[in-house]
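Student: I have a new structure open and would like to learn how to read it. Could you walk me through its features?

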Amino acid sequence: MSGQRLPAAPPITVDGVRAGYGRIEVLHGIDLQVPAGSIFALLGPNGAGKSTLLKVIGGHVRATAGEVHLGDLPVGGRSVEHLARLGLCTVPEGRGVFPNLTVRENLRIWTYSARIPLGEVEERTYTAFHRLADRRQQAAGTLSGGEQQMLALSRALVSDPSVLLVDELSMGLAPLVVAELYEMVGELAARGMTVLLVEQFVTTALAVATRAAIMTNGRITAEGSPSEMAEAALSAYLAS
Ligand SMILES: Nc1ncnc2c1ncn2[C@@H]1O[C@H](COP(=O)(O)OP(=O)(O)OP(=O)(O)O)[C@@H](O)[C@H]1O
Ligand SMILES: [Mg+2]
């Protein structure tokens, strides 16, 4: 299925995944089911391996054992670019924008993989995030942190992915901005995509999530409904 797109909102299945960097193993056998069309929050203390798991799912880091499936499609061995063409979009940790390019130039880059005209991309983005409209000629690196995350999220707005992976959207941002960004994640999910998000702000993540899990020391230690995970998260953070 090299040229085919993923079906809308496929489930993500992680089966016995081990992965790490060099000789250091970070993920010690992860099993996780992200239901089709869910907004799944992955919570856990610093260094637990949350970003590493997103990197394995997104094709940035190879699993040394186990496998990830997006619907029926095995991720293993596919390039990041290939997975993007199939309909997987990652908003990485940190700011997922090109700092030296303007807002519009960043959007133009998104159009390459989405194959839609820049005008339409700009319209979609500025409709969702009015603040970016006035800043279209500004270098992305000089935007505020929240504006940069809006621009990073617009990538998903433009490419209409089937699977969206979001890593720490809230990092360093004021609660109001975080709420605005997560409102957009909710709207994106409503279009029909499976969303897996990593977040430190437990309350924020659980407010938007339909399902959640907790990772500690490279293992999934709890999984359940957002209300079940609220308490489990607290003890995981306290124990870390
Ligand atoms: N590129 C890398 N090279 C070597 N080790 C790495 C690399 N990236 C992460 N690690 C290590 O892997 C472990 C897990 O890191 P990871 O970034 O997945 O954690 P995390 O749960 O996302 O943490 P945080 O909440 O702080 O973002 C850490 O011990 C980290 O030092
Ligand atoms: Mg991380």
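Student: Which strands form the mixed open sheet, and in what order?

Tutor: Strands of a sheet pair through backbone hydrogen bonds, either parallel or antiparallel. Strands here are DSSP runs of E with at least two residues, helices are runs of H or I with at least four, and both are numbered from the N terminus; two strands pair if DSSP finds at least two bridges between them. In this case 6 strands make an open sheet with mixed pairing, ordered S6-S7-S8-S3-S9-S10. S6 (88-91) and S10 (219-224) are at the edges with a single partner strand each, so one side of each has no neighbour in the sheet. On average, neighbouring strands of this sheet are turned by 15° against each other, direction ignored.

Tutor: Before we go on, this is a predicted model: local features need pLDDT of at least 70, side-chain atom pairs count only at pLDDT 80 or more, and totals for chains, interfaces and linings use all residues. Residues are numbered from 1 along each chain as its sequence is written, while chains are lettered from A and ligands numbered from 1 in the order in which they are written.

Student: How many bridges join S9 to S10?

Tutor: There are 5, and S9 (residues 211-216) runs antiparallel to S10. For example, Ala212 has Gly224 in S10 as its bridge partner.

Student: Which strands does helix H9 touch?

Tutor: Contact means that the C-beta atoms of two residues, placed from the backbone, lie within 7 Å. Angles run from 0 to 180 degrees between N-to-C directions, with axes fitted to C-alpha atoms, for helices over the stretch in contact. H9 (residues 226-239) packs on the sheet against S3, S9 and S10, and its direction makes about 15° with that of S9. Helix H1 (residues 50-57) lies across S3, S6, S7, S8 and S9, at about 150° to S8.

Student: Which residues are around ligand 1?

Tutor: Here a residue counts if its C-beta atom, placed from the backbone, lies within 6 Å of the molecule. Those around ligand 1 include Tyr21, Asn46, Lys50 and Thr52. H1 gives the most to this shell, with 3 residues.
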